[in-house]
Amino acid sequence: MATKEIELNHFLKEKQIETVESDLGEFIIQLLNQKPYHFVTPAMHLNREEIARLFHEKFKTPLDATAEQLTAKARELLREKYTQADVGISGANFLIADTGSIAITENEGNARLTTTFPNVHIAVVGIEKIIPSMQDLDLFWPLLASHGTGQNLTVYNTILTGPRQPQDTDGPLEMYVILLDNGRTNLLAEKEQRQGLYCIRCGACLNVCPIYQNIGGHTYETTYQGPIGSLISPHFHGMKEFKHLSYASSLCGKCTEVCPVGIDIQKMLLLNRKAAVEQQLTTGTEAKAWKGFTYVIQRRKLIDFFGGKWKNFFLRNFFKKAWGQHRELPKIADKSFSRQWKEHDKS
């Protein structure tokens, strides 16, 4: 995900350097020239028939190939790439401070092959992934597995502490760890929104989000989708360009409920909205509309003066397009509850 964030593949392609994704889901979307749909299951939006059609076009496999046949073909293609590659590039789920190691957790074994066969291993890791000690993996590895894929522990968990040593039988001759900032210190400077840096990329908030489930991952047009993506993307890539993502939420709170590290995502999204207003990134029309709304809502007499008849008139004529042609506009009562209560009290 870190290399997707900085668009490393595109940069290397411009330099005529071939890059091949080794994760099966990432490999599929690379063939389609798409972005990940979900950052745990990047090809979740594709069914077996669509993937079989893609492999048939690219590699002449049968159109009716089974999942096992497709996986075998991918293994065949990727195995050769592992043995021929000059450089293996990986991310890391955690950086272990006391030993200077990186920890990688995965289900396919592709990261182990990527970090073992090539002579050079480069790990690109966000600075927020640092944990104090090796002992902290006792907590974080099961936490990531259970919330990410529902497993007690992920299949492959690897700790790498440097290049091949004289007594080792495999591994790279050189290893480099690149610490990625890319806006993270900007987010760290925010007293409350910095909670977004706690994220361990389990994807649990995407799985329960009603907005993500309806609009899909590609709609976000950013590396990190769903509630957590809406929280951190404006700080990584600019509030002006991505402030709209903080509004792609019903604020139902499901994301906060399932977050294994306790990020109060719905509150952080509200703070992002507040920051957008404070930075004057909203339109003049929107600012005037809310200023007028605030003035009226604080004055009971004005609310009652514009009864349901006028309010329904404004809804029909000014908000129908914004509300959407496939949704029915709500009907406001002719009299406010306050006025009805006073009349009831008098009677």
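Here are some questions and answers about the predicted model shown above.

Residues count from 1 along each chain as its sequence is written, and side-chain values use heavy atoms, with hydrogens and water left out. As this is a predicted model, local features need pLDDT of at least 70 and side-chain atom pairs count only at pLDDT 80 or more, while totals for chains, interfaces and linings use all residues.

Q: How many salt bridges does a search of the whole structure find?
A: The term here means a side-chain nitrogen of Lys or Arg within 4 Å of a carboxyl oxygen of Asp or Glu. In general, side chains of opposite charge can pair when their charged atoms come close. Searching the whole structure on that basis, the number of salt bridges is 12.

Q: Which helices hold Glu26 and Lys4?
A: The side chains of these two, Glu26 and Lys4, meet in a salt bridge at 3.0 Å, N to O. They are 22 residues apart, so the pair links distant parts of the chain. Helices here are DSSP runs (H or I, at least four residues), strands likewise (E, at least two), numbered from the N terminus. Lys4 sits in helix H1 (residues 2–5), and Glu26 in helix H3 (residues 24–32).

Q: Is Glu26 buried or exposed?
A: Buried means under 20% relative accessible area, exposed means over 50%, and partly exposed is in between (1.4 Å probe, protein chains only). Lys4, at 21%, is partly exposed. Glu26 has a relative accessible area of 10%, so the word for it is buried.

Q: How many residues apart in sequence are the parts tied together by Glu18 and Lys81?
A: Glu18 forms a salt bridge with Lys81, and their closest N and O atoms are 2.9 Å apart. Glu18 lies in the loop between helix H2 (8–14) and H3, while Lys81 lies in helix H5 (residues 67–84), so the distance in sequence between the parts they tie together is 63 residues.

Q: What is the relative accessible area of Asp334?
A: Asp334 and Lys331 meet through their side chains in a salt bridge (3.9 Å, N to O). Lys331 counts as exposed because its relative accessibility is 68%. Asp334 is exposed too, and its relative accessible area is 53%.

Q: How far apart in space are Arg316 and Lys331, C-alpha to C-alpha?
A: Arg316 has its place in helix H17 (residues 308–318). With a relative accessible area of 49%, Arg316 is partly exposed. Arg316 and Lys331 are 15 residues apart in sequence, and in space, C-alpha to C-alpha, they are separated by 9.6 Å.

Q: Which helix gives the most to the positive patch?
A: Lys301, Arg339, Lys342 and Lys346 gather in a patch of positive charge on the surface. Patch residues have over 30% relative accessible area and no salt bridge, with like charges joined within 9 Å and nonpolar side chains (Val, Leu, Ile, Met, Phe, Trp, Tyr) within 5 Å. Lys342, one of the four, counts as exposed at 51% relative accessibility. With 3 residues, the top contributor is helix H19 (residues 337–346).

Q: Which residue in E4 stands opposite Ser90?
A: Two strands pair if DSSP finds at least two bridges between them. Strand E1 and strand E4 (residues 120–126) pair in the parallel sense over 4 bridges. E1 (residues 87–90) has an uncovered face, Val87 and Ile89, and a covered one, Gly88 and Ser90. The E4 residue opposite Ser90 is Ala123.

Q: Which strands stand at the edges of the open sheet?
A: The open sheet has 4 strands in the order E5-E2-E3-E6, with mixed pairing. An edge strand here has a single partner strand, so one side is left without a neighbour in the sheet; that describes strand E5 (130–131) and strand E6 (156–160).

Q: Which residue in E6 stands opposite Ile104?
A: Strand E3 (residues 101–106) pairs with E6 in the antiparallel sense over 5 bridges. In E6, the residue opposite Ile104 is Thr158.

Q: What value is phi of Gln280 near?
A: Most residues other than glycine have a negative phi. Gln280 lies in the loop between helix H14 (265–278) and helix H15 (284–297), and counts as exposed at 69% relative accessibility. Its phi is positive, near 55°.

Note on methods. Accessible areas come from the Shrake-Rupley method with a 1.4 Å probe; for residues, only the protein chains shown count as cover. Lys and Arg count as positive and Asp and Glu as negative; His and the chain ends are not counted. The place of a charge is taken as NZ of Lys, CZ of Arg, CG of Asp or CD of Glu.
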